[in-house]
Amino acid sequence: MSYTRLLSFATLVILALGALPAACSSGSTKDRSGTGVSDSSMSAKASGTTASPPSAEFMRSRTSLLATAFTVASQMPMNPHERDRARVQESVVQACLELGLLDQAAQFADQMHGWRQGIVLALLGQRYAGLGQIDKAREYAAQALLVDVGESTWGKDFVATEVARIYVKLGDEGKAYATVSPALQAERGRIEAERTAKLPESQLDAQADQFDKAIATMNFDLVRGAIDGYLAWLDRVVDDAPRRERALKALSAAIPGLPWDLQVRCNVQLADVLFAHGYKELASLQLDRAGELFRATVFLPEDTAPLGVVVVKARIRMGDANAARAELQRLRAEFEPRAEIIQDFLRAASWRSLAEGYQLLGDTNDVGRCYAAALDAGALNPNARPRAEDLSATCVSMAVSGFMPSTELLLRIEHIRAGLADPW
């Protein structure tokens, strides 16, 4: 996701209406600070079980996959693929942050260039700030600001904003606002969003009033920002019945105005919030609504399985493995005969999403088959750049989902990596 798009969801509503709480955006369960958790962790947490500590062999496999993913990304020549290379490298570092592998994230960050290096250094600083390691956090803040971003003025602004968020987490708001120019109102809005995560309860109702006004504008960016705000607001007030009803009513009115895929995702997010607080029946209703929206809408062939698996994963998190497995099998049965009509550089994403679903269910054989298909599909393009992007993404998916590839799959990964050469 581009940073321009990332900012559009929440910052416009902040600028027009005041501060937002931290948004529950799609993808990670938290924000860009890298405090998200893997799907397997979310599943264990939702089911009330405690995940056992990973074995040394498992951790070696996970870190090796991430190292391969980063190596593959770094094989892309800087000229003419500097942007793609940095973007894919960043996705690997984000995975390391998601999994709490901060040392590996730092190692990879040191090998990057440009403004995305500054971003990941700042995200590392945010993680250390969240862990209470103040000196480390300040060290990464300083490093991020020293990164040579070249002629990218907006890249410099993004880095400064992420650094400012480190200072907010450390309680140094003066330093935070001094880091970002007053002229950069959108960026300062993100700083304000960081601050409002601890908004006093006495200000919550006034903030919800502002969300209501944003929804009433029917402006996409304002409505989306207000929905994200209301999801975070609900997370805080869910046990207060009148406030809970207010949030649910507002969200049920606002979500239908979004594009269909976002309607599905937002209903899943709402279900997750409710389920996390023990409102299982309400959560089930929201998740059923997401499933109904998905089944009633025709999506592009390359988008269908990845979006459907979003619903499947939520069902697994909520303990309904049988329904999840049935939905996953249906998605796969619909995808396989249509795979050939999807462009080769888009095909592997569906196989990866299916594999991630099977991994959460513990269906090991199906996981391996889907990841093997993802590797094969990603290796079809005659140009090395899309092959490298797909291979890196598949290795990241394996690592984050907790899949340990067989010797055969590892050899296949290495064979594809070794074949990355001109033409790029």
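Visitor: How many salt bridges does a search of the whole structure find?
Guide: In this predicted model, the search finds 26 salt bridges.

Visitor: What makes glutamate 90 and arginine 116 a salt bridge?
Guide: Their closest N and O atoms are 2.3 Å apart, and the cut-off is 4 Å between a side-chain nitrogen of Lys or Arg and a carboxyl oxygen of Asp or Glu. The pair therefore meets the definition of a salt bridge. Glutamate 90 belongs to helix α4 (residues 78-98) and arginine 116 to helix α6 (residues 115-130), so the bridge ties together parts that are 26 residues apart in sequence. Both glutamate 90 and arginine 116 are buried.

Visitor: Which parts does the salt bridge of aspartate 366 and arginine 332 tie together?
Guide: The side chains of aspartate 366 and arginine 332 meet at 2.9 Å, N to O, which is within the 4 Å limit. Aspartate 366 lies in helix α19 and arginine 332 in helix α17 (residues 321-335), so parts that are 34 residues apart in sequence are tied together. Aspartate 366 and arginine 332 are both buried.

Visitor: Where in the chain are arginine 412 and aspartate 376?
Guide: Arginine 412 is in helix α21 (residues 407-418) and aspartate 376 in helix α19, 36 residues apart. Their side chains form a salt bridge with an N to O distance of 3.0 Å.

Visitor: Why is arginine 412 called partly exposed?
Guide: Its relative accessible area is 27%, and partly exposed covers values between the limits of 20% for buried and 50% for exposed. Arginine 412 therefore counts as partly exposed. Aspartate 376, at 39% relative accessibility, counts as partly exposed as well.

Visitor: Which residues are linked in a network of salt bridges?
Guide: Asp84, Arg87, Arg385 and Glu389 are linked in such a network.

Visitor: Why are helices α18 and α19 called roughly antiparallel?
Guide: The axes of α18 (residues 344-361) and α19 (residues 364-378) come within 8 Å and cross at roughly 165°. Angles over 145 degrees count as roughly antiparallel, so α18 is roughly antiparallel to α19. Their crossing is left-handed.

Visitor: Which residues of α18 and α19 meet?
Guide: Among them are Trp351, Leu354 and Tyr358 in α18, and Val367, Cys370 and Tyr371 in α19. Asp366, the residue bridged to arginine 332, also belongs to this contact. The residues of the contact divide into 11 nonpolar, 2 polar and 5 charged.

Visitor: How do you know that α15 and α16 are roughly antiparallel to each other?
Guide: The axes of α15 (residues 280-296) and α16 (residues 301-317) come within 10 Å and cross at roughly 160°. That angle is set against the limit of 145 degrees, and α15 and α16 are therefore roughly antiparallel. The crossing of α15 and α16 is left-handed.

Visitor: Which residues make the contact of α15 with α16?
Guide: Leu287, Asp288, Ala290, Gly291 and Phe294 in α15 meet Thr304, Leu307, Gly308, Val311, Ala314 and Arg315 in α16. These residues divide into 6 nonpolar, 3 polar and 2 charged.

Visitor: How many helices and strands are there in the chain?
Guide: The chain has 21 helices and 0 strands. Of its 424 residues, 52% are buried. Among contacts between residues at least 6 apart in sequence, 68% join residues at least 24 apart.

Conventions
Residues are numbered from 1 along each chain as its sequence is written. This is a predicted model: local features need pLDDT of at least 70, side-chain atom pairs count only at pLDDT 80 or more; totals for chains, interfaces and linings use all residues. Side-chain values use heavy atoms; hydrogens and water are left out. Axes are lines fitted to C-alpha atoms, for helices over the stretch in contact, and angles run from 0 to 180 degrees between N-to-C directions. Helices (H or I, at least four residues) and strands (E, at least two) are DSSP runs, numbered from the N terminus. Angles under 35 degrees count as roughly parallel, over 145 as roughly antiparallel, 65 to 115 as roughly perpendicular and the rest as oblique. A crossing is left-handed if the near helix is turned anticlockwise from the far one by less than a right angle, and right-handed if clockwise. Contact means heavy atoms within 4.5 Å. Ala, Val, Leu, Ile, Met, Phe, Trp, Tyr, Cys and Pro count as nonpolar, Asp, Glu, Lys and Arg as charged, and the others, Gly among them, as polar. Buried means under 20% relative accessible area, exposed over 50%, partly exposed in between (1.4 Å probe, protein chains only).
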